[in-house]
Structures are given as C-alpha cells and as structure tokens.
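The following dialogue shows how a structure may be read step by step. Please keep the sequence and the model in view throughout.

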Amino acid sequence: MSKQNTYLSQKYSKKLFAWFLLISGLVFFSCKSSKLSKEDPVFTVIQTAKSYYGTPYKYGGTGRAGIDCSALIFHSYYAVGINLPRMSADQAKEGKKVSVRDLKPGDMLFFATSKRRNRVTHAGIVTEVKKGDIRFIHASTSLGVTEDYLSNRYWDKAFLFARRVLE
C-alpha cells in the first residue's frame, strides 16, 4: 500500500470513528430508561392491573371472580389513592387528553366497540411503549384480563382517545 493510500485510509478511519462516537453518544444520551421504579405510582397501577391477568370478563363485575374493563381501571388507580368513577364513559372525562405520540405507561385508552362509533364503551391502561408500539391491559369479553397492542387492526379502528391522570 502506498503512503498516500495509507494516509487516506487512516483519515477515513478517523472520520468514520468520529461519526460512530457521535451517533453512539446521541443514541445513548437521548434514550432514557423505560423501566419504572417500584416507587413510581405508575408501576403500582400497572402491577395491580397485571395481578388480574386471566380473570374472566363479567359485565358489571368488580372482583377476581369476574371483572369488566372499567372496574380493572378503577381498582388499578385506587391502589395509588386515585378514586376514579366506576364507568368507562365517566373515566374518560378524568385527567388530561394525551396524543398517541405522547403516550406513556399508566395512561388510559378509550375505545368505541359498539355500533355507535363515537361513544366510549371500552377502556384499557397503557403498560408499555416501545418504538411507538403501544401495549395495553384491559378486560376482554372473550379472553378476560389480557394485554393487546393498539396497532392491532381491531383496536386501532376502535380507538377514540387517551387520557392521563398520573404525571
């Protein structure tokens, strides 16, 4: 290899390394941990909701023998001292509206699952946001308490809006 080729190769390597450091630094410092601390009230809300996994759906149900979506939300937030209304249509009036791009774990999602496409009939709690993919827990009429993705065609189509009661 000639001296000129070696010089160009070293110069190129240094530039490439500098770009690598810059990009790595931006990625490292711009990413905050998505882990919730156990002291965070959102952690308690989500863990309370997850403690109901597998509980069968029961319209009007409020306990471990059977629960509906609004009771799941009610109990989950009550665990951190937030007393929400019992019905999802009333829960949908609490807190502040949040856009989908700003969703965080603990936010409430509201859906219209009946023929009346603008009326709140279902609700869930965001459990995870990863690269824009939103996972939520809810009481499904067919599966009981389970998690789904907002990107699922059914839920995406039924989604109305989100609200935040915990900052």
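Q: In which strand is Thr-146 found?

A: Thr-146 is found in strand β7. Helices (H or I, at least four residues) and strands (E, at least two) are DSSP runs, numbered from the N terminus. This is a predicted model, in which local features need pLDDT of at least 70 and side-chain atom pairs count only at pLDDT 80 or more, while totals for chains, interfaces and linings use all residues. Residues are numbered from 1 along each chain as its sequence is written, and side-chain values use heavy atoms, with hydrogens and water left out.

Q: Does Thr-146 count as buried or exposed, and which residues does Thr-146 touch?

A: Buried means under 20% relative accessible area, exposed over 50%, and partly exposed in between (1.4 Å probe, protein chains only). Thr-146 has 17% relative accessibility and therefore counts as buried. Contact means heavy atoms within 4.5 Å. Not counting residues up to four places away in sequence, Thr-146 touches Tyr-53, Phe-136, Ile-137, His-138 and Ser-140.

Q: What is the order of the strands in the open sheet?

A: Strands of a sheet pair through backbone hydrogen bonds, either parallel or antiparallel. Two strands count as paired here if DSSP finds at least two bridges between them. The open sheet has 6 strands in the order β3-β8-β4-β5-β6-β7, with antiparallel pairing. Its edge strands, β3 (96-98) and β7 (144-149), each pair on one side only. Direction ignored, neighbouring strands of this sheet are turned by 35 degrees against each other on average.

Q: At what angle do α2 and α3 pack?

A: Two packed helices are described by the angle between their axes and the distance between the axes. Axes are lines fitted to C-alpha atoms, for helices over the stretch in contact, and angles run from 0 to 180 degrees between N-to-C directions. α2 and α3 pack at about 135 degrees, with their axes 8 Å apart. The two helices are therefore oblique to each other; angles under 35 degrees count as roughly parallel, over 145 as roughly antiparallel, 65 to 115 as roughly perpendicular and the rest as oblique. Val-45, Thr-48 and Ala-49 of α2 meet Leu-72, His-75, Ser-76 and Tyr-77 of α3.

Q: Why is α3 described as largely enclosed by the rest of the structure?

A: Of the 10 residues of α3, 8 are buried, so the helix is largely enclosed. Among them are Cys-69, Phe-74 and Tyr-77.

Q: How many residues has the largest nonpolar core?

A: A nonpolar core is a set of buried Ala, Val, Leu, Ile, Met, Phe, Trp, Tyr and Cys residues joined through side-chain atoms within 4.5 Å. The largest has 24 residues, and those with the most contacts inside it include Ile-73, Phe-110 and Ile-125. α3 gives the most to this core, with 5 residues.
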